[in-house]
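Please look over the sequence and the structure below before reading on. The paragraphs that follow go from the whole chain down to single residues.

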Amino acid sequence: MKIREITPFIGAEFTGVTYEDLTRPEVFQELVDRLHRHELVVVRELDITPEQQISLAARLGRPVPFVIQKYRHPEYPEIMISSNEVKNEKPLGVARVGNFWHQDSTFVADPAPYTMLHGVNVPQTSGHTLYASALDLYDRLPQEWKDKLAGRTGVHTVGKRLRIRPEHVGLSVAEFRALIDIEHPKVEHPLVPTDPFTGRPYLYGSREYMDSVPGFDHNENEEFFSLVDELLADEDHVYTHRWTPKDLVVWKTRTTFHQATAVEPGVSRTVHRVSIDAGE
Ligand SMILES: [Fe+2]
């Protein structure tokens, strides 16, 4: 078994680890410690079944079934299938998820703290996942912005990213917007929380899942979002995960920004995702 830090700002990678190794408490504890210290853990080429993925997830917390029933794994509701594959003319799972910088589910009041992906069928030439640390991003903010953000909150929404579904046909834009506010009420979170594991401040929120910072005018909001966009675009502070088959990737949702990249045309890709809530 080998463990290395992937970059100075995010990620630890385990290689040569089997499921049996991970059932040993001291090995799993090492993984948990690394996750808490480095925000993201990659276990390369871990050959596991869906049941084993769920049981690993259950040791971090409580695996929660995905909200949309039709994208749940037919036998394992805790697994959401993220896939562009079609079987018997039916999509196997959700295609095109998270292709913009975000922290997971910030638009709900209490987002699950961990996300775990298993690369069931992954191309190595595209469909990479980009990761950036929200702690590192906060550190890189100019001091005047740190001062400006201190003590503030952010208003989060899924509204910018919600897809139009067949049942919305015929609604006016105003009606559709009103419906979003009813079905997905906006939530407010502190903008600079402290990570309990590292004791470091981090930035919670970015353009696509945020409405605004209360107290900022339109220009200040736009400056804030642009600054965050700019910091996220700095490749020296981004880890690109190039998938190898069977990789297991786990991250702390609050302190990890990530983004999916496109899969080249004609190439299939299926990943099993488990969202993990805090324990009892
Ligand atoms: Fe995500």
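The C-alpha centres of domain 1 and domain 2 lie 25 Å apart. These domains, whose bounds come from an automatic or database domain assignment, are residues 2-95 + 112-122 + 243-277 for domain 1 and residues 133-232 for domain 2. What you see is a predicted model, in which local features need pLDDT of at least 70 and side-chain atom pairs count only at pLDDT 80 or more, while totals for chains, interfaces and linings use all residues. Residues are numbered from 1 along each chain as its sequence is written.

Where the domains meet, 9 residues of domain 1 are in contact with 12 residues of domain 2, contact meaning that the C-beta atoms of two residues, placed from the backbone, lie within 7 Å. On the side of domain 1 that touches domain 2, the elements giving two or more residues are α2 and β15 (256-260); here helices (H or I, at least four residues) and strands (E, at least two) are DSSP runs, numbered from the N terminus. The residues of this side of domain 1 divide into 3 nonpolar, 3 polar and 3 charged, where Ala, Val, Leu, Ile, Met, Phe, Trp, Tyr, Cys and Pro count as nonpolar, Asp, Glu, Lys and Arg as charged, and the others, Gly among them, as polar.

Helix α2 deserves a careful look. Which residues of α2 are buried? They are Leu31, Arg34, Leu35 and His38, a residue being buried if 20 or more other C-beta atoms lie within 10 Å of its own, exposed if 12 or fewer, and partly exposed in between, with C-beta atoms placed from the backbone. Seen down the axis of α2, these buried residues fall within an arc of 105° (taken from the directions from the helix axis to the C-beta atoms), so they line one face of the helix. They pack against β1 (2-5), β2 (12-15), α1 (19-22), β3 (40-43) and β14 (248-252). The face turned away from this buried side carries the exposed residues Pro25, Glu26, Gln29 and Arg37. Just after α2, Glu39 takes a positive phi of about 70°.

Finally, consider Pro8, which lies in the loop between β1 and β2. Pro8 is exposed, because 10 other C-beta atoms lie within 10 Å.
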